[in-house]
Amino acid sequence: MTSDTQITQMRDDGGAIAMAKGAPNEPLISKRDLTKMSLNLGSLGMEFSWTYYKQMNIAFALMVAKLLKKIYPDDEQKYNEAVERHLAFFNITVQFAPFVGGVALSMEERIAKGEIDAGSVNDVKAALMGPLSGIGDSIFLATLRVIAAAVGIALCQAGNAFGPIAFLLIYNIPGFWVRIWGAHKGYELGVGFLEQATKNGLMEKVLTAISIVGVMVVGAMSVSMFWATLPVEIGVGDNMTTLQEILDGIMPGILGLAAFWIYYWLLSKKVSPNWLIIWTMVIGVVGAFFGFLA
Amino acid sequence: MVMQAILIGLIGALGKFDYQLGTLYMFRPIVLCPLVGLVLGDVPTGLAIGASLELLFMGSISIGAYVPPDETVGSVLACAFAISLGQGTEAAIALAMPIAVLSLALSNIMNPIFPFFVDLCDTYALKGTMSGIYAVHWGIGIVGGCLKAFILCMGAYMLGVEAVQGILDWIPDFVLNGFGVAANILPAMGFAMLGRLVITPKLVPFYFLGFVIASYMGVPVLGVAIIAIFIGIEKFSLLDGGFAQESVALEGDDDDDF
């Protein structure tokens with residue numbers, strides 16, 4: 001992929017100044033265009049028109065449509081085909097959608113020039129979905145959302161109406177930054193970035209580093225997010241204590257730890273989460289009836 | 001009553017409209033239940049129920065092929081019923097999950113009609129009628145999301161208060177308590193689902209590290225996350241590559257090559 005590297009290099013080194021003044025490679029799409037794209041109806045509405053069938057395909061096409069018009073300003077036929085091309089199946093952690101949009105647009109510019117095959121843009125999009133969703137879900141769903149919920153829930157339980165607002169701010173401020181930054185970076189780096197990051201192992205490293213954060217947050221939450229207690233009484237008279245107190249003395253949160261791994265094991269055996277919910281309710285009712293759970 | 005029912009419906013619709021606003025996670029109980037509390041004149045209970053239901057639905061996120069119960073409709077209605085009937089968090093917890101499952105089942109009935117409209121978009125694109133694609137986008141979102149939630153929340157609230165009172169009176173106390181116990185256990189399932197997403201065999205020690213730091217040292221979750229970020233950066237020497245932080249690592253490697 002020499003040509004990719006060259007283009008990336010040109011954009012990185014030269015920037016807008018070298019390419020201005022009527023140079024043939026003057027970027028069609030400005031930074032402002034990309035910022036707008038990262039916040040347009042399609043970009044924000046990725047999950048609004050979500051279907052099982054092609055998932056985020058409509059929103060993705062709407063996200064890039066305006067800028068595709070800039071790439072194919074005069075050729076109606078080619079523009080229509082490009083929009084249709086971007087109606088292919090698409091799914092990703094929503095905050096990374098503008099990044100993929102940026103990559104797709106940088107490729108479309110080269111498709112317009114006849115440098116690469118039109119089909120390749122959807123191959124690249126498909127190749128980005130897996131790894132970026134892995135990174136994205138780890139950052140946003142498993143880590144940031146959990147931290148935001150922990151803070152928000154604590155405030156709500158104290159009766160503080162700022163709880164929901166804190167939850168939304170903590171979760172969304174980094175998300176919007178990633179959207180805007182991603183649109184710029186995706187366009188700037190183009191498709192070359194993916195190959196390089198994969199080839200030199202950077203992708204793997206970053207993914208693992210992010211996973212460590214996610215895994216440690218999940219571990220920390222296992223302590224405090226299990227509130228059922230075992231009020232079973234042990235001993236007599238002054239020596240009487242409950243099973244719960246003994247367990248807490250050994251290791252605070254040990255029940256959360258146990259419950260986490262039981263569920264983890266059952267899920268890994270492909271037991272449906274909906275069955276686990278039902279069985280947990282049955283166990284809760286039986287436990288409450290006989291008094292060994294509260 | 002009718003006015004309140006309409007407002008409850010609108011809160012449900014707002015939850016679904018969140019998917020057009022950038023999936024801000026406004027559709028979660030922690031945001032919607034306090035709004036229900038506001039409409040019904042009891043914000044403190046709304047906040048308390050929101051916190052409990054947020055935990056109950058912690059694992060209710062779509063991972064892989066799993067489509068979770070509809071926590072938006074479930075929590076709006078459960079919260080509205082619990083407040084209207086003067087009941088507390090326990091009643092909301094008992095009601096939320098069954099309602100959420102029913103709402104998901106209704107969505108599944110509507111789903112088969114959408115592929116037709118999705119395919120229609122290809123035709124619109126080739127004809128150059130962008131407005132058609134916009135119309136499908138809004139149509140699927142409004143009809144399949146907002147309108148459905150509006151009708152479900154408003155209708156069930158108008159028709160259901162007495163019926164729900166009857167059901168709650170009929171259910172023995174220990175069953176309601178048991179549902180409460182289950183709601184205190186289910187967050188563990190939510191975290192197990194997140195764990196399935198991020199844990200690989202070589203990362204298991206980090207799970208226990210996070211657990212021990214929180215358990216014995218009492219560090220809050222945010223603190224554990226910050227410690228984890230440093231471990232991640234240090235373990236992979238992400239600082240040595242000439243970039244200052246993890247988040248710019250993706251762009252950084254060009255600089256090394258040239």
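**The interface of chain A and chain B**

Visitor: How many residues of chain B are in contact with how many residues of chain A?
Guide: This is a predicted model, in which local features need pLDDT of at least 70 and side-chain atom pairs count only at pLDDT 80 or more, while totals for chains, interfaces and linings use all residues. Residues are numbered from 1 along each chain as its sequence is written, and side-chain values use heavy atoms, without hydrogens and water. With contact defined as heavy atoms within 4.5 Å, the count is 104 residues of chain B against 108 residues of chain A.

Visitor: What area do chain B and chain A bury between them?
Guide: Buried area is the accessible area (1.4 Å probe) that two parts lose on being put together, summed over both. Carbon and sulfur atoms carry 77% of it here. The total for chain B and chain A is about 9,900 Å².

Visitor: Which residue of chain B forms a salt bridge with K54(A)?
Guide: A salt bridge requires a side-chain nitrogen of Lys or Arg within 4 Å of a carboxyl oxygen of Asp or Glu. The rule finds two across the interface of chain B and chain A. In the one that involves K54(A), the closest N and O atoms are 3.5 Å apart, and the partner is D122(B).

Visitor: Which side chain of chain B is joined to S49(A) by a polar contact?
Guide: S49(A) lies in the loop between α3 (41–44) and α4 (57–71) of chain A, helices being DSSP runs of H or I with at least four residues, numbered from the N terminus. Leaving aside residues up to four places away in sequence, S49(A) touches residues including Q55(A), I58(A) and I140(B). A polar contact is a pair of N or O atoms within 3.5 Å; within protein, one must be able to donate a hydrogen and the other to accept it, and residues adjacent in sequence count only if both atoms are side-chain atoms. At 2.8 Å, the side chain joined to that of S49(A) is H137(B).

Visitor: Is T23(B) buried or exposed?
Guide: T23(B) is found in the loop between α1 (2–17) and α2 (29–39) of chain B, and its phi is positive, near 45°. Most residues other than glycine have a negative phi. Buried means under 20% relative accessible area, exposed over 50%, and partly exposed in between (1.4 Å probe, protein chains only). Because its relative accessible area is 2%, T23(B) is buried.

Definitions and conventions:
Chains are lettered from A and ligands numbered from 1 in the order in which they are written. Helices (H or I, at least four residues) and strands (E, at least two) are DSSP runs, numbered from the N terminus.
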